[in-house]
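Take a look at the chain below.

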Amino acid sequence: MLLFLAILAFTAWLFVVINRTGKYWKKYGIPFISSIPLLGNFWEVATFKKSVITVFDDLYNDVKTKDEPIVGIHCFHKPSLLIKDPEMIKKVLIKDFSNFSDRHVSSDPHSDALGSNNLFMMRNPEWKEMRSKLSPVFTSGKMRHFFNLMMDAAADLDKFLAREAEKSPTNSFVTEMKEFCALFTTDVIASCAYGIEAHSMTDPNSAFRRNGRKVFDFNLRRSTEVNSFFFLPELVPFFRFKLFSNETTNFLRSTMNHVMEEREKSGYTRNDLIDILIGLKNAKRDKEDRIKFEGDVLVAQAGVFFTAGFETSSATMSFALYELAKQPHLQKRLQKEIRDHAAKYDGKLTYDNINELEYLSLVIQETLRLYPPLPFLDRIFTPTQDKPTYSIEPYADFSMPQGMPVFIPIFSIQRDPKYFTDPNTFNPDRFAPENKDNLHPYTYLAFGTGPHNCIGERFGVIQAKIGLISILKRYTVEFTAQTPKTMKLEKKAIILQAEGGIHLNVKRE
């Protein structure tokens with residue numbers, strides 16, 4: 001009898017959901033894209049038929065709603081809004097931030113302490129407290145110190161390049177650029193965040209590189225886990241999905257705890273993330289403090305800085321090198337700037353003079369336009385005392401209920417011909433000062449914007465700049481038979497990854 005009642009209740013619930021899905025947006029007169037009950041507009045993500053990037057791009061460019069500023073969709077079973085209009089984007093990310101301060105992405109605090117307690121997944125008010133406590137990691141003084149540590153890793157990169165080139169009579173070698181760049185960025189983040197020499201360029205299977213690689217290896221299980229964090233967080237506790245595997249969790253805990261213990265014993269200060277975390281651990285708590293800085297709360301911050309720190313910059317470097325190899329005249333222009341700069345300063349690159357490399361900055365901006373690390377931004381509506389619901393007038397007569405997801409498809413916006421001429425062509429000059437007036441506000445969002453923008457933006461950009469300078473000052477990258485003429489992105493990855501990798505020939509000049 002109980003089983004019968006359970007089946008009956010489930011059938012009734014399913015009927016209600018199916019009926020509601022088909023009528024929800026039509027009822028409010030909001031332009032919408034038809035969806036499948038329960039799977040919504042993301043069924044092709046769930047079945048791995050298409051990547052998240054492609055699904056969002058299809059939604060953005062849907063023929064029926066292409067010119068609509070806001071579109072109703074379903075994130076699986078949840079009614080959600082796709083925000084396309086730059087002015088509405090400004091409202092969500094900046095003007096009305098207090099109502100959209102939380103991301104939709106989340107983890108389970110009971111089974112995944114490192115996932116739920118890190119800055120990326122935290123929700124207000126804990127997020128705001130954590131953000132303010134970690135902001136000192138990225139002051140100008142700290143960045144100047146990190147720059148010197150990055151240059152130490154760059155010296156190792158120089159040696160690595162020389163060793164690989166000398167193995168061939170042609171002074172060249174073919175390599176997969178994403179993994180190659182990740183060796184450098186892993187060493188940088190291990191040094192800057194942990195105070196550890198990872199030596200990835202002499203041992204590509206070191207503990208740091210091996211665990212970092214595992215986090216972004218999007219096999220079917222890993223892809224299901226990460227997609228659940230972003231789109232179906234209700235499933236996360238049921239399947240006990242975790243941001244880091246048990247092996248990586250143990251590695252982060254043991255490494256972090258050992259480094260902190262040794263640092264406290266010695267009294268040595270290094271002005272890095274570890275020092276900030278030790279300071280938070282030992283600081284007297286104020287009455288209004290909600291976070292207890294100890295144990296996994298500290299490990300979680302080190303973990304997310306480690307993974308985000310090496311992955312985004314290595315992706316940016318590899319995509320930039322791909323596009324420069326595709327257009328050799330642009331590569332030569334950047335090489336000339338780098339080499340002229342080296343001659344001017346006797347080869348001494350400093351925190352003060354690196355920004356003189358103007359074309360390098362344009363190359364990175366254009367790379368991030370074409371290949372933003374995360375292809376979308378996600379938020380949920382959170383009521384406040386003055387706004388228990390959120391009206392989207394003048395776009396439509398509709399008020400968002402609590403918890404409604406909002407998605408901003410930045411990959412598609414940054415490739416929209418309405419905002420960027422010839423959008424699929426790599427053209428760094430579109431960001432040149434003389435073209436500044438052609439750029440539409442709130443259409444370039446590679447690092448987000450507003451209070452929830454990427455806290456490590458400056459760190460990531462400088463790291464990528466140093467890496468590209470180290471490679472291009474003496475080497476040229478070229479297409480090989482394995483290099484795709486048209487970039488194809490990995491279907492199972494939620495972040496931008498090249499399908500099959502980016503194989504280039506690196507040739508010493």
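A cavity is a set of grid points where a 1.4 Å probe fits but cannot get out. The model shown here is predicted. A search of the whole structure finds two cavities of 30 Å³ or more.

How much space lies in the second largest cavity? About 60 Å³. Its lining is made of T312, S313, T316, L368, P373, F447, G460, V461 and A464. Helices α14 and α18 (457–472) each supply at least two residues of that lining. Sorted by class, the lining of this cavity has five nonpolar residues, four polar ones and no charged ones.

The largest pocket has a volume of about 400 Å³. It is lined by 22 residues, and the closest to its centre are E176, K178, F216, Q497 and A498. Which of them gives the most to the lining of the largest pocket? The answer is α14, with five residues. The class make-up of the pocket lining is nine nonpolar, five polar and eight charged residues.

The table sets the two linings side by side.

| Space | Volume | Nonpolar residues | Polar residues | Charged residues |
|---|---|---|---|---|
| Second largest cavity | about 60 Å³ | five | four | none |

**Two helices that cross**

Two packed helices are described by the angle between their axes and the distance between the axes. Take α12 (residues 246–266) and α14. Their axes come within 10 Å and cross at roughly 110°. Angles of 65 to 115 degrees count as roughly perpendicular. So α12 and α14 are roughly perpendicular to each other.

Which residues meet where α12 and α14 touch? From α12 come L252, R253, M256, N257 and M260. From α14 come D296, L298, V299, A302, G303 and F306. The residues of this contact divide into seven nonpolar, two polar and two charged.

**Aromatic rings**

Rings pair if their centres lie within 6.5 Å. By this rule the count comes to 38 aromatic pairs. One of them is F42 with F56. The centres of these two rings are 5.5 Å apart, and their planes stand at 75°. Planes over 60 degrees apart count as edge-to-face, so F42 and F56 form an edge-to-face pair. Where do the two residues sit? F42 lies in the loop between α1 (2–27) and α2 (43–46), and F56 lies in helix α3 (residues 52–60). The pair therefore ties together parts that are 14 residues apart in sequence.

Most residues other than glycine have a negative phi, and most peptide bonds are trans. A cis peptide bond joins N124 and P125, with omega about 0°. P125 sits in the loop between α5 (113–116) and α6 (126–134). E393 and P394 are also joined by a cis peptide bond, with omega about 10°. P394 is in the loop between β5 (390–391) and β6 (399–400). H199 is not glycine, but its phi is positive, near 55°. H199 lies in the loop between α8 and α9.

Terms used. Residues numbered from 1 in each chain as written. Predicted model: local features only at pLDDT ≥ 70, side-chain atom pairs only at ≥ 80, totals over all residues. Heavy atoms only, no water. 1 Å grid on protein atoms, 1.4 Å probe; cavity = no way out; pocket = protein on both sides within 12 Å on 5 of 7 lines; lining within 4 Å. Points joined across faces, edges and corners; volume = space filled by probe spheres on them. Helix = DSSP H or I, 4+ residues; strand = E, 2+ residues; numbered from the N terminus. Nonpolar A, V, L, I, M, F, W, Y, C, P; charged D, E, K, R; others polar. Axes fitted to C-alpha atoms, helices over the stretch in contact; angles between N-to-C directions. Parallel < 35°, antiparallel > 145°, perpendicular 65-115°, else oblique. Contact = heavy atoms within 4.5 Å. Phe/Tyr/Trp six-rings, centres within 6.5 Å; stacked < 30°, edge-to-face > 60°.
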